[in-house]
Structures are given as C-alpha cells and as structure tokens.
Amino acid sequence: MHTRTRRTSLSLLPLALALSLAPLAHATDAQAPDGPRALPGSLPLIPAPAQVERLDGADYTVTATTALRAQGAAAARVAGQFASMLRQSGGPALQPSTTRGTDGIRFVLDGTLKTGAEGYQLRSDARGVTVQAATEAGLFYGAATLSQLLTGSSSGAVPALRIDDAPRFSWRGLMLDSARHFQSLDEIKRVLDAMAEQKLNTFHWHLTDDQGWRMEIKRYPKLTGVGSCRIPAGDGGRDPATGAPRPYCGFYTQAQIREVIAYAAALHIQVIPEIDVPGHATAAIAAYPELGTLNTPLQPLSEWGVFPNLFNTEESTFQFLENVLEEVIELFPAKYVHVGGDEAVKDQWEASPRVQERMRAVGAGTENEMQAHLIKRLEKFLEQHDRRLIGWDEILEGGLPPEATVMSWRGTEGGLKAASEGHDVVMSPVTDMYMDYLQTNSENEPPGRPLTTPLARVYGFEPVPDALARDKEQHILGLQANMFTEHTRSVARLHHNVFPRLAAVAETGWTPRDRRNFADFLARLPSQLQRWQAMGIAYAQTPFEVEADVTDDRKAGTATLALRTPLNYDIRYSVDGSAVTAKSPRYVAPLTQPLPVGVQAAAFFNGQALAKSASRFDITAQSLLIRNDEHLAMCPGEGKLLLRLEDDGPADGERAIFNVNIFNPCWLWQGADVEGIAKLRVRAGQIPYYFQLAHDEPQRRFVPARSAHGEMDILNAQCDGKPLASVALPAKPGADGFITLEAALPRSLKGRQDLCVRFTGDTRPTMWVLDTLELVPH
C-alpha cells in the first residue's frame with residue numbers, strides 16, 4: 001500500500017494537536033526550563049569545558065592568513081586535523097606554517113603536563129592561541145574546542161581566556177546498529193566525524209542480528225553469503241516492474257572494517273564490535289542451520305521484535321563462536337568485545353531434549369545458568385586473547401565472570417547491581433539513551449519506537465546512581481547512546497534520530513556534573529546547529545519547530561491556537577501570509593482567529609531562525625471536521641504498543657507513516673463535536689504485520705470478528721460495549737491500497753463526544769491502519 005495522498009509537512013495540516021504518543025512519553029518538554037539562557041562567561045562550546053576563566057585583554061582574530069604552528073609529528077598531525085575540522089565546520093582554511101614564532105595558533109605536545117590521558121590546556125591572548133596537552137588525544141580534544149570557538153556564531157575572534165579541561169568519564173559512546181539497516185562507509189565516517197567534534201571516544205558497532213550478519217568471517221563465508229540478505233515485507237520486497245523478490249543486502253569486508261577502525265583511531269575513537277549471542281541469531285542460523293535448535297529452515301528476518309531463535313548449546317557451536325571471535329580479535333584492536341546476551345528467549349532451549357541434556361552435563365540448573373555458562377566460556381576465551389568481555393545487562397542473570405563489563409540498558413538497576421558487585425559498567429538505559437525513540441510529539445517525526453525521549457530527558461540523565469556506594473563509583477566507566485535501526489531506512493533518518501540528542505550525551509560524558517546546565521546548553525546549541533549544517537549533518541528539525549494546540553468553536557467560526565516549541569525558544573509568527581522573520585510579532589498568548597486562518601510561526605534565538613522553514617497551520621471550517629491518525633489518541637484499556645510505522649512501499653523513495661497500536665487497532669477522537677453530524681467517514685488501508693514479540697504476545701487484544709473479514713466499529717469513550725455503529729470490512733482494500741467506509745451515527749449523540757474507531761479480527765499477516773476520520777454533517 002503506497003498511495004496515501006495526504007501531507008508530509010506541517011504546511012498541509014489542518015491541526016497540530018497533542019498527539020496520541022503523549023501518554024507514553026517518559027518526559028515532556030514542559031520539563032525543560034523557561035527558555036535558553038547563557039550562564040555568565042559561557043562560551044558557545046559543546047561539551048562545556050571543565051574550567052574556563054575569562055581574562056582581561058583583547059580578542060585574537062583568526063583569518064585565512066593566521067599562522068598554524070606545530071612541532072613534532074604528533075602535534076603536526078593534530079594541527080592538520082584542526083585545519084580540516086575548522087574548514088568542515090564552516091571556518092577559514094588555514095595552512096601549516098613552516099616558520100617559528102609565538103604568534104598565531106600553536107599546538108604543543110608536552111609529556112610533562114598534568115593534563116591526564118584526554119585533557120588539554122588552551123590559552124589565548126591578543127598575540128594568539130596555544131593548545132597543549134600531555135597526549136595526542138588530549139591535544140586533539142583541545143583542537144576540537146578551538147575549532148568550535150572559531151565557528152558557529154563566532155566571527156573568528158577568540159577572547160582572552162584560559163581553559164583547563166578533561167573528561168568526567170572515560171567511556172563516551174554511541175552504538176550504531178548496522179544489522180537491521182546497513183550504512184555505507186562514507187555514512188559511518190560522517191557519524192565518526194561528528195562524534196569526534198563532540199569529544200566522544202567509543203563507537204560500538206552492532207554487526208549481527210536476526211535481520212542480517214554484516215561482518216565478513218573468512219572461515220564461515222555463508223554468514224555473509226546467506227546471512228547478509230533478507231527480503232523486506234510487502235511491496236518493499238518486490239521489484240515494482242517484475243514483481244520478483246528484491247533482497248536487501250549488505251556487509252562489510254574485513255578490509256572495509258579495517259578502514260573504519262583506522263579512520264576512527266585517527267579521531268581517537270575506539271571501535272567495539274558486537275557479535276550477539278545466544279539470541280538475535282537468526283541470520284547466522286539461516287547460514288549454518290546446525291547452529292540452531294530446530295530442524296525448520298530459517299532465513300534472515302524481515303520482521304522486527306524479539307525472536308525465539310537461539311544458538312544451540314553444542315560444543316561445536318561454542319567452537320564456532322570462538323572461531324568467529326578469533327577473527328574479530330584479529331581485526332579489532334580495542335580492549336573490549338561485546339557479546340550481546342540480551343533478549344534471549346529460552347523457549348527453544350526449554351523444549352529441546354538435547355539442550356536439556358547438555359545443561360545437565362555442564363551443571364546448569366536453569367536456562368539462565370546455561371547462558372551464563374556460555375558467557376563464562378567466551379569471557380575466558382577473550383581473556384586468553386587479551387580482551388575483555390562486555391554485554392547487555394542480561395548477562396548478570398545466572399552469574400557473571402568477575403572481569404566482565406556490563407552495559408546496562410533495561411534501566412539503571414542492572415548497572416547499579418553490577419557496580420555494587422565490583423563489575424565495570426557503561427550506563428545506557430532505554431529510558432534515556434535510546435536514539436531510535438521519538439524526540440517530540442511532532443507529526444514530522446520519522447518512523448520509530450513508541451516512547452518519546454526529548455532532549456531535556458537525555459540531558460538530564462545522570463550515569464552515577466545516587467544509591468551507589470561512593471567506593472563503587474569508579475566502576476561507572478561512562479555512558480552510551482544506542483541507535484537501533486529497525487525504522488531507520490536512510491542516513492537522513494539516522495541523522496535526525498541522533499542529532500541534536502548526541503550533543504546532550506556528549507556533555508554528560510565530558511562535563512563535570514556541577515557545571516551541566518540545560519538552559520545554558522540550549523543557549524549554546526544554536527551555534528552547534530550551524531556547525532552541523534556546515535558538516536552536512538541533517539539534524540532533527542522537530543525540536544526547533546513550532547507546534548500548536550488548537551481549540552475550535554464551529555458555531556462562532558473561530559479557532560484558537562496555543563503555540564509552543566519543544567525547547568521553549570522564542571516564537572515569532574504571522575497571520576497575514578507574510579514571511580516570519582526576527583522582526584515578526586513575538587508570540588505571548590493564544591491566538592483566536594476567524595476562519596479560515598493561516599498562521600505561520602518559527603522559533604528564534606538571538607535573531608536566528610532555528611528550523612529550516614516556518615511551521616504553517618491552515619485551518620478552515622472543513623478541516624475542523626477531519627482528523628488523521630496522527631491527531632488521534634489510543635483507545636483506553638489494556639493492550640498498548642503504539643508505533644509510528646512506515647508503509648511497505650514504494651520500493652524506493654518516500655513512504656507514508658501511520659500511528660498504530662499493534663496490540664489493539666483502535667483510535668480515539670477525544671471531544672469530537674458531533675452536533676449536526678450524521679455519520680463518520682473513515683479512510684483506511686493495510687500494511688504488513690511484521691512483528692514477533694515473544695512473551696509479550698498474550699498482551700494482544702484482537703476483538704473477534706463477527707463476519708467473514710471483520711468489522712469497523714464505532715464505540716463510546718471507553719471503546720467497549722455495544723458499538724454505536726458497525727460496518728463490515730472487505731477482504732482487501734481497493735486498487736489504490738485504501739478503502740473508504742461510512743458509518744451512520746445515532747441521532748441521540750449531541751455536543752462533544754469521545755469516539756473510538758476499532759477494527760476487529762486478527763488480519764495477520766496484514767493489519768488495518770487508519771488514514772483519516774471525517775465528521776459528515778446532515
């Protein structure tokens with residue numbers, strides 16, 4: 001289905017109401033401060049340095065003729081990287097100077113300095129700027145700071161100051177999932193550039209999963225020969241011209257992996273590989289069926305969710321995993337190897353006589369203990385090869401080797417437990433650090449997971465739990481953002497999901513806790529947006545767009561718009577069709593306007609518009625009668641898993657997006673004005689149902705169908721009881737992928753009513769999605 005005709009931008013929307021995603025939000029942007037405000041002496045730097053002292057004296061202005069000086073090969077390397085970083089961020093192109101002098105920009109590597117492994121000093125006065133450090137990594141981070149001082153909103157003038165800076169945490173990371181959706185080397189390098197500019201130092205590379213095996217293993221060629229391709233669901237998996245299967249493929253050769261590692265190393269970023277065991281193994285088992293517990297042939301999955309396919313527990317499978325890790329170790333010089341360990345549903349192990357026999361043989365009393373046995377085996381193998389094992393917090397279940405490191409994703413409780421037991425920990429909770437969750441309630445958000453994790457929440461995350469004993473705090477190595485890519489089909493979506501939230505992660509990882517201030521961060525962020533624009537980073541526009549809550553009075557023929565921005569920047573607006581500029585009226589109170597009305601609005605900071613284009617709200621008497629799925633809430637009751645899902649076609653290009661509760665296909669129009677309304681007109685379509693949810697499956701609430709293909713029911717506010725109206729559904733939608741249904745409303749309905757639209761029946765492998773809901777007058 002791919003003929004949805006409605007909008008992809010705010011300019012075509014009738015309303016921008018509080019979305020149905022809001023009830024699921026962990027934190028709302030209302031938790032942000034009243035607005036961005038810079039602290040005294042603040043510089044437009046992200047992350048904020050540990051110590052900054054403004055000095056008396058004149059600024060030093062950098063131009064294209066400024067001398068760039070460095071002595072020694074290492075300092076010269078950093079000077080060259082600084083010149084490249086400065087140019088890519090929108091600054092002047094500087095050339096290394098071959099003459100000696102104390103003016104200009106100087107990079108000094110001095111091993112006697114007490115700056116630590118990643119710290120640096122920056123000094124500037126009217127004669128020039130000196131960056132110095134004890135290590136090349138520290139000198140590089142000083143270069144990143146100077147590059148920021150000279151770009152963004154800067155005029156190229158560096159004030160007289162001294163900076164003494166070093167990171168709070170040693171692990172400042174980003175995980176990128178290349179298994180679900182594949183990124184090119186250039187796309188990965190662009191992300192690494194942005195990480196380095198923000199002083200992040202760990203790239204966790206998720207290379208294997210149910211949907212694809214992305215790393216060449218020479219000893220097992222079928223891992224990529226078979227495991228790197230899948231057939232996407234629905235129209236996306238068929239050639240539009242011939243109807244033939246159209247596989248989605250991709251893997252990295254070992255030479256390409258070395259290229260990424262070398263590129264990252266030059267930016268002082270370690271690359272941590274992840275080979276997920278014992279779950280998330282479908283692609284590997286599809287390539288080598290003897291690794292699984294079933295006789296049923298598998299193929300790399302085109303579905304999302306949690307799957308039961310686990311590696312079996314045979315000695316030959318353990319040997320296979322060690323052989324794979326041997327090649328991983330040969331490629332990746334980093335100290336850590338990530339072995340996953342998450343979401344390993346044990347149903348197949350429980351049902352397998354051979355696995356149960358093996359458990360008895362190794363002394364494992366439970367399936368969790370059997371997984372722990374595997375983890376201990378791999379930990380010992382890695383230790384013998386001078387590596388350390390790291391895994392998701394499920395590896396705590398059943399016991400954990402003392403040298404293993406835990407990445408805590410199911411909240412901070414696992415990290416607290418692990419650190420209390422003496423294990424090193426990286427904090428990466430799903431509630432705060434998952435970049436595939438939506439950033440705002442805007443309908444311009446891309447497909448994504450159901451919860452909303454706004455910038456304020458990301459910034460507010462504290463990696464060291466208050467409950468952790470002081471003598472255990474050193475076990476918190478740092479934090480990491482995770483970017484899983486089930487819904488991230490393009491690099492544009494990847495950039496949208498990661499930026500600007502990654503800047504908040506970077507500041508938490510680097511800046512001392514007592515120097516973090518969200519209002520000040522927001523005041524510094526617009527300069528960073530300019531740098532990203534110069535770097536070609538397509539950061540999310542949604543946090544900087546204007547949203548509107550609209551109430552209407554149909555009888556009076558008016559609409560009232562309450563405008564807001566997710567981050568509380570100033571709003572300027574127009575109602576007369578003129579372009580919105582910094583001189584347009586400032587929004588201070590809701591706008592009540594006669595219909596029809598067209599309002600344009602944009603967020604500003606220091607006279608700078610923060611989004612690429614103004615938001616537009618066009619409201620007419622007819623538009624007040626229409627809602628689409630993005631403006632409807634979820635129905636009340638049990639069974640809720642709301643997702644923003646992408647249509648399955650076209651095979652290439654833009655696709656429609658639908659909000660749908662996959663546990664209960666039911667939508668709620670709250671407060672619909674049904675006075676004078678005769679019927680509801682519903683436009684609906686079908687998309688593939690491509691989810692497996694393991695033990696969450698019983699939470700589904702498909703209402704039984706009462707006719708051959710189910711019904712569309714209109715119900716009261718509680719979405720239960722006898723339907724107010726019901727229409728039988730066809731076997732499939734029309735040629736355009738949609739159907740239009742009309743249901744007469746009882747004449748007894750008056751005033752404002754909460755109305756539910758529900759589809760009955762279990763229609764898998766497809767599901768109905770609602771496109772638009774319209775009130776039709778008598």
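This is a predicted model: local features need pLDDT of at least 70, side-chain atom pairs count only at pLDDT 80 or more; totals for chains, interfaces and linings use all residues.
1. Two strands count as paired here if DSSP finds at least two bridges between them. Strand β9 covers residues 171–177 and strand β10 covers residues 202–206, and the two run in the parallel sense, joined over five bridges. Within this pair, Leu-176 sits opposite Trp-205 of β10.

2. That pair belongs to a barrel. Eight strands close into it, in the order β9-β10-β15-β17-β18-β19-β20-β23, and the pairing is parallel. On average, neighbouring strands of this sheet are turned by 30 degrees against each other, with direction ignored. As a reminder, strands of a sheet pair through backbone hydrogen bonds, either parallel or antiparallel.

3. Which strands does helix α10 touch as it packs on the sheet? Helix α10 (residues 367–384) touches β15 (270–277), β17 (336–340) and β18 (388–392). The direction of α10 makes about 150 degrees with that of β18. Helix α15 (residues 501–510) is another one to look at: α15 lies across β9 and β23 (476–483), and runs at about 175 degrees to β23.

4. Now to the helix pairs, starting with α3 and α16. Helix α3 (residues 185–197) packs against helix α16 (residues 518–535) at an angle of about 150 degrees, and their axes are 12 Å apart. Because angles over 145 degrees count as roughly antiparallel, α3 is roughly antiparallel to α16. Their crossing is right-handed. On the α3 side the contact is made by Arg-190, Asp-193, Ala-194 and Glu-197, and on the α16 side by Gln-528, Arg-531, Trp-532 and Met-535.

5. The pair α5 and α7 is worth a look as well. The axes of helix α5 (residues 254–266) and helix α7 (residues 315–331) come within 10 Å and cross at roughly 45 degrees. That angle makes α5 oblique to α7. Gln-254, Ile-257, Arg-258 and Ile-261 of α5 make the contact with Glu-327, Glu-330 and Leu-331 of α7.

6. While you have α3 on screen, find Lys-189, which is placed in that helix. Is Lys-189 buried or exposed? With a relative accessibility of 14%, Lys-189 counts as buried, because the cut-off for buried is under 20%. Not counting residues up to four places away in sequence, Lys-189 touches Glu-259 and Tyr-263.

7. Another lysine to check is Lys-199, found in the loop between α3 and β10. Phi of Lys-199 is near 65 degrees, a positive value in a residue other than glycine. Lys-199 is buried, with a relative accessible area of 1%. Ala-694 has a positive phi as well, near 50 degrees. Ala-694 is placed in the loop between β37 (691–693) and β38 (711–715), and at 28% relative accessibility Ala-694 counts as partly exposed.

8. On to the nonpolar cores. In soluble globular proteins, nonpolar side chains tend to be buried together. The largest nonpolar core in this model has 142 residues, and Phe-107 and Leu-146 are those with the most contacts inside it. Leaving aside neighbours within four places in sequence, Leu-146 is in contact with Phe-82, Ile-105, Phe-107, Leu-122, Val-129, Val-131 and Val-158. A second, separate core has 43 residues, including Trp-304, Met-712, Leu-729 and Ala-743.

9. Val-108 is placed in strand β4 (residues 104–109). Val-108 is partly exposed, with a relative accessible area of 23%. Which residues does Val-108 contact, leaving aside neighbours within four places in sequence? They are Thr-130, Val-131, Gln-132, Ala-133 and Leu-139. Val-108 and Ala-79 are 29 residues apart in sequence, and 9.6 Å apart in space from C-alpha to C-alpha.

10. Last, two peptide bonds to inspect. The bond from Gly-649 to Pro-650 is cis, with omega near 5 degrees, and Pro-650 lies in the loop between β33 (642–646) and β34 (657–661). The bond from Arg-764 to Pro-765 is also cis, with omega near 20 degrees. Pro-765 is placed in the loop between β41 (752–759) and β42 (766–777).

Methods:
Residues are numbered from 1 along each chain as its sequence is written. Side-chain values use heavy atoms; hydrogens and water are left out. Helices (H or I, at least four residues) and strands (E, at least two) are DSSP runs, numbered from the N terminus. Axes are lines fitted to C-alpha atoms, for helices over the stretch in contact, and angles run from 0 to 180 degrees between N-to-C directions. Contact means heavy atoms within 4.5 Å. A nonpolar core is a set of buried Ala, Val, Leu, Ile, Met, Phe, Trp, Tyr and Cys residues joined through side-chain atoms within 4.5 Å. Buried means under 20% relative accessible area, exposed over 50%, partly exposed in between (1.4 Å probe, protein chains only). Angles under 35 degrees count as roughly parallel, over 145 as roughly antiparallel, 65 to 115 as roughly perpendicular and the rest as oblique. A crossing is left-handed if the near helix is turned anticlockwise from the far one by less than a right angle, and right-handed if clockwise.
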